Every structure is written in structure tokens, then in C-alpha cells.
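Hi everyone, thanks for coming. Today I'd like to talk about aromatic rings and a bit of surface.

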Amino acid sequence: MTVLAALSTGKAILVGLASGIVLVIAVIGAQASLRRPRRRPELDIPPGMRPGPSDADLETPILVKLYFWGTVFVVAMALSVGAVFYTEPETNKNDTIQLLQQSVLRGHLTTLPGTEENQLGFNCVRCHGPGLHGGQNLYNGNLVAVPNLQIACNHLTLDQIVQTIAQGRAGTDMPSWSVQFSGAMDDQQIEDVVNYILSIQKVPKAENKCLPGAATSPSPSASASASPSPSASSSP
């Protein structure tokens, strides 16, 4: 009887321990399930079919956000317009200088002989000499002097220079160069040549008739009264 009682007590102790362990595991599992609720699987709903913001969100938070960013963009645009307005005169000035420099370079190349490298050349230096400082030319069997274009503004106004290049001079070895007068140059090419001639002038400012406000004189071209001046711009 004593042995049976001891076995019964040992079994009871084992059963109690097992029951306690099971109870502890169950409690831990319940706590874990309470702390980490199960997430529902998200449905793959297209953005256009998802529900929009609520009326409360539309009336206050989203509206305030739109007001804020709208104000930021308007202020940024106003500042950018002011910055462009402030820098535009200097930008236009620099662009004008750059365009004039490019025009002078093209005019210089136009006065040089035409080659494979210089496709703009019309060989004005053949008669007017290197740098257009004047020279000699054979015309109708006679050796004639060619004007020095570095001092052209000492005798001619800017309009007269444009007119002479475009229409030529009747009865001389100076042909017409404008396409409007059976020549080979368009208005831009003539303007480039004129800008180059103005850039090499060695005439004192007080005697320079090409400057704005200078005294004018009758046109030296014989055909000036019969044919209008070409539309090439006369301002460098």
C-alpha cells in the first residue's frame, strides 16, 4: 500500500507539472495573439477606384495644404519673373555685342578670297587690298585707284556705304552686289560687310559721318535717284 501511494503521488506531481506547463504556454500564446492582431490582406484596388478623402479632410487639411503650396508656387513665380526682368537688359546687351562680333567676323571672311575653307569669300581684297586699305585695279584697259575703305566714313554716311555696296557705281569698276540689283549678296551679307567696314575705320570721331547725328551729303551713287536703297540694316 505504501508503494502504491508513492506511485500515485509521483504521477500526481507529474500531471500537475504538465498541466502547469500547458497552462503557461496557453497564456503566452494568448498574450502574443492579443499584442499582434492579424492583418487583413490588402486588396489590389486601382487608385481610381479607391475611396476618396472624407469631407472632413477635404474641408480642412487638404484645403489648407493646397492653399499653402499654391502660395509657395505663386511667390516663386513672381520672384523668377522679377529676376528675369532685372537681368534682361544686361542679357540683351551681351547678346547684341555677341551678334555684332559674329557679324563682323562674317563680313571679314566675305572680303577674303573664296576657298574650300572660306565659303563666304567674295574676294573684295582683290581690288581694295588687304584689310581694305585701298589698292589699284585694271578697268577698261586703264589702271584706276581703288578707295581706301578704312577711311570711308570720312567721305560717306552709313546709308551711302550700304547703297554703294548694294547698287555699285555706274561707270566705274564697282559692281552692284545686292541680289536686288543683279548682284550676288543678300541683305545679311551686305550688313555683315558694312559692320566689318565700320569696325576697321580709322576716322576721328569728330569727322566720322557714319555715326548717328553726323552731317549727311548727297549720295555718290549715280543710280540712287532711280533705285531705292536695299533693305539691309544700316546700323552696326
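I'll start with the ground rules, then go through the patch and the ring pairs.

This is a predicted model, where local features need pLDDT of at least 70, side-chain atom pairs count only at pLDDT 80 or more, and totals for chains, interfaces and linings use all residues. Residues are numbered from 1 along each chain as its sequence is written, and side-chain values use heavy atoms, with hydrogens and water left out.

Let's look at Trp-69, which sits in helix α3, residues 61-111 (helices are DSSP runs of H or I, at least four residues, numbered from the N terminus). Its relative accessible area is 45%, so Trp-69 is partly exposed, meaning between 20% and 50% with a 1.4 Å probe and protein chains only. Phe-68 is also partly exposed, at 48%.

Now, how many aromatic pairs are there? The count is three, where rings of Phe, Tyr and Trp (its six-membered ring) pair if their centres lie within 6.5 Å, and planes under 30 degrees apart are stacked, over 60 edge-to-face, and the rest tilted. Phe-68 and Trp-69 make an edge-to-face pair, because their ring centres are 5.2 Å apart and their planes stand at 75 degrees. Together with Phe-73, these two form one aromatic cluster.

Phe-122 and Trp-177 are edge-to-face too, with centres 5.7 Å apart and planes at 85 degrees. Phe-122 is in the loop between α3 and α4 (125-128) and Trp-177 in the loop between α5 (158-167) and α6 (187-199), so this pair ties together parts 55 residues apart in sequence. Phe-122 is partly exposed, at 23%.

Methods: Helix = DSSP H or I, 4+ residues; strand = E, 2+ residues; numbered from the N terminus.
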